[in-house]
Amino acid sequence: MPTITAFENSPDRGRGQARDMRVRWALEEVGQPYDVRLVSFEQMKQSEHRALHPFGQIPTFEDGDLALFESGAIVLHIAERHAGLLPVDVNARSRAIAWMFAALSTLEPPIVELAMAMLFERDRSWYAERLPMLQDRVRIRLGELSRHLGDADWLDGAFSVGDLLMVTVLRRLNTSGLLDEYPEIAAYVARGEARPAFRRAFEAQLAVFNAASRS
């Protein structure tokens, strides 16, 4: 049974924004049981954890003699070894992987930059001037994504690993108000969050935060 690492006390306060959520969701979608090893911020920087993740982050994934880091690589590994997240058709499979890269390389960077500014720069003198610029960068990508999605349920036919990663990236905007400007994308995210596998993964990571809060 594979083991993943997750925050002992997640800074997202149980909202499912930490990247272990992606791996949990993928494992739930394919019906693969897994163990979770919780790590503190201090443990993440120690040599034992860095042997698994050179940059001292989470998640990591261990299964037998295989150890992986980076959530996208872990999710792709899961999808390649279990049915349900990658199409059987070769071309559709490649498109699903392309959407994985789009989520992590095209959508996530401006979204994370906006989120970090809203979280850490509110008291800075440049915040009021910089915020609209960051928001507009995200709006450009959301507009492009909305035009592609249209009235479809998923990015390319049936739900795939591309949708799984895209939804986890877009959820970072849940408190920004930007998703309200793009009803198609808001509905798309809601469809992802309504999937039973997502709900199981979300409740599992929320239980860790609740337990840490009571301790």
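**Elements and fold**

Me: How many helices and strands does the protein chain have?
Reply: Helices are DSSP runs of H or I with at least four residues, strands are E runs of at least two, and both are numbered from the N terminus. From that end the order is β-α-β-α-α-β-β-α-α-α-α-α-α. The count for the protein chain is 9 helices and 4 strands.

Me: What kind of model is this, and how are its residues numbered?
Reply: This is a predicted model, where local features need pLDDT of at least 70, side-chain atom pairs count only at pLDDT 80 or more, and totals for chains, interfaces and linings use all residues. Side-chain values use heavy atoms, without hydrogens and water, and residues are numbered along each chain as its sequence is written, from 1.

**Whole chain**

Me: What radius of gyration does the protein chain have?
Reply: The radius is taken over C-alpha atoms, and the globule rule is 2.2 Å times the number of residues to the power 0.38. For 215 residues, a compact globule would come near 17 Å. The protein chain agrees with that, at 17 Å.

Me: What percentage of the residues count as buried?
Reply: Buried means under 20% relative accessible area, exposed means over 50%, and partly exposed lies in between (1.4 Å probe, protein chains only). Of the 215 residues, the buried part is 48%.

Me: Among contacts with a separation of 6 or more, what percentage joins residues 24 or more positions apart?
Reply: A contact means heavy atoms within 4.5 Å. For residues 24 or more positions apart, the share of these contacts is 68%.

**Helix α6**

Me: How far does α6 reach from its first C-alpha to its last?
Reply: Helix α6 covers residues 127–149, which is 23 residues. The expected span is 1.5 Å times one less than the number of residues.

Me: Is Leu27 buried or exposed?
Reply: Leu27 lies in helix α1, residues 20–30. Leaving out residues up to four places away in sequence, Leu27 touches Pro2, Ile4, Gln32, Tyr34 and Ile78. Its relative accessible area is 1%, so Leu27 is buried.
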